[in-house]
Amino acid sequence: MPAGAPMLDTYREVITPEGVPLQLPAAGPVPRALAWLIDLLVRFGVLMVMSPVLLALGDFGQGLYLGLMFLMFWAYPIVLEVWFGQTLGKRVLGLRVVANDGAPLGWMPAIVRNLLRTVDALPFGYAVGLISCLCDPYGRRLGDLVAGSLVVHAPPRAAEPPARIETVLAPPVPLQPGEQIALIAFADRAPALSGPRQNELADIASGLSQASGAAGVLRLYAMANWLLGRR
Amino acid sequence: MKQEQFVTRYQHEWQQFEQWLQRRGGHARSVRGTVDADLPGDETIPQRYRRLCQQLALARHRGYSPQLVERLQQLSQNGHNLLYRTPPPRWSRAVEFLFADFPLAVRSQAGAMWTALALFAVPLVGIFVLLQLKPDLVHMLLSTTQIAQMEKMYDPAADHLGRDSGTDWAMFGHYIMNNISIGLRTFASGLLAGIGTVLVLLFNGITIGAVAGHLQQAGFGEPFWRFVVGHAPFELTAIVIAGGAGLQLGLRLLAPGRMRRIDALIEGGRVGARLCLGVAFMLLVAAFIEAFWSSIAWVPMWGKLTVSGILWTLVILWLWRGGRGSAHAH
């Protein structure tokens, strides 16, 4: 959030030509490695499923099989990343490949970042890519650096938290955006905490709720309802 | 303006934009020509998107609730992804690339290309000549099993040239998988300051020179040349171009010139990707020739040489003249 001092995070903020800041939460090596593993399994799976069919066609099928292997190895990530912005593995992990400026990935960057896997995979197990990933502030491997691309988290939109109580209460004073976020997050997460901890947290905002203990918690829930537009 | 007023005033616009994205945003081709009466026209979308961006900025500036800001942010992000999406590839563009842009790209990197040619051809010719003078040296370059395999592949008595097993189709697949992968890796390894590419070029030059030199010297030369002359124009040229693409990338890491190193690399990557597309195409053609033409044993030497001569001429003309006077030339 723009309010307050910038927090230490892996967000990359870019400004679109229309002047809107986009926040790109860069993905680290672990989810990307998992996505790569899933992709590997998918590709092997496709080849395994296709092999009896194609090999039954004789030598022509064998040629097709090798052609398919080529496509699975080189074309699979390029085509999927351009068409959908994510391979199947990245989709499962909620990742997306975008250009440095947040725009969808073009053909040339997609080709570059996937061809240069060859270098990132050196000398074994993507060691070069991992080192580059750990050194870069946005977790880019060498292929990403040269392609000008970035792997970001693209989680599905979080559902609005359900209403905790029926009552609605307008906050006595107008709240800043950061304070509104804190209040709504409290209403979202407090039920998972123990009763005393809920009270303890609600007491911090007793100036706002003008109550303490369980009554304060309920008042904060009611204010969160008001903020979420349930009036 | 209070948030409620703001929402009431623009709510309709946002909903329309959202519905348009859902119904017409996905597939430009399938909805082209159709009309949705209750939706805004396609031509108004960029303008609506900019309005939305302005409303988002206003909402942020005035400190409206995070939910509203989040919603507008999401909407504008979807609009952004749609408006700036990659255009679908077109066939006419692919043809134009092949005949004009690719030769231009090769010539624009002339220095790297000539260097790659030297790195590849000098060891090739050198080893070939050396083996004619000192045949025993081949044992330093190739293992005994490799030599035996080569001699079996180019046995003058065999009915198929250049392979020990497999039919045309199977070998076509094999050449695609093998050769194109090597070509693409040759480029990629250039990122290691060009060292990877230099090694690949030298290694390939030495190996090919050793095989050719040994077979020539051992008296298997005639079937060997009959096999390789057909696809050599595309395959050898493609290896050199892939090498040149790798060298220019490595050079940008070493000597970025007046750019930041990362910007120079991005530029080099873009050039390299285009070259690689062409290289993949050339190696595909080479694989086709190698599988279906080069392997025919009954075509006599002069037939193979004539075809090879024509192909060499075409490749050189294509790379030398292709794209001259086109709009992309500079």
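Reply:

Chain A has a mean pLDDT of 85, pLDDT being the predictor's confidence in each residue, from 0 to 100; 94% of the residues of chain A reach 70 or more. The model is predicted, and local features need pLDDT of at least 70, side-chain atom pairs count only at pLDDT 80 or more, and totals for chains, interfaces and linings use all residues. Residues are numbered from 1 along each chain as its sequence is written, while chains are lettered from A and ligands numbered from 1 in the order in which they are written.

Over residues 1-5 of chain A, pLDDT stays under 50. Where pLDDT is low, the predicted coordinates should not be read in detail.

Helices are DSSP runs of H or I with at least four residues, numbered from the N terminus. Helix 8 of chain A covers residues 177-189.

The buried residues of helix 8 of chain A are A:Q180, A:L183, A:I184, A:F186 and A:A187. Seen down the helix axis, these residues fall within an arc of 150°, so they line one face of helix 8 of chain A. Here a residue is buried if 20 or more other C-beta atoms, placed from the backbone, lie within 10 Å of its own, and the arc is that of the directions from the helix axis to the C-beta atoms.

The cover over this buried face draws on both chains: it includes helix 9 (195-204) and helix 11 (214-227) of chain A, together with helix 4 (66-83) of chain B.

Across the two chains, 42 residues of chain A are in contact with 41 residues of chain B, contact meaning C-beta atoms, placed from the backbone, within 7 Å. Helix 8 of chain A is one of the helices that each supply at least two residues to the side of chain A that touches chain B. Helix 2 of chain A gives the most to that side, with 12 residues.

The largest nonpolar core has 109 residues, and A:V146 and B:C276 are among those that touch the most other members. A second, separate core of 13 residues includes A:F186, A:A187, A:V217 and A:A222. Such a core is a set of buried Ala, Val, Leu, Ile, Met, Phe, Trp, Tyr and Cys residues joined through C-beta atoms within 7 Å.

Definitions and conventions: Expected span 1.5 Å × (residues − 1). Buried ≥ 20, exposed ≤ 12 C-beta atoms within 10 Å, placed from the backbone.
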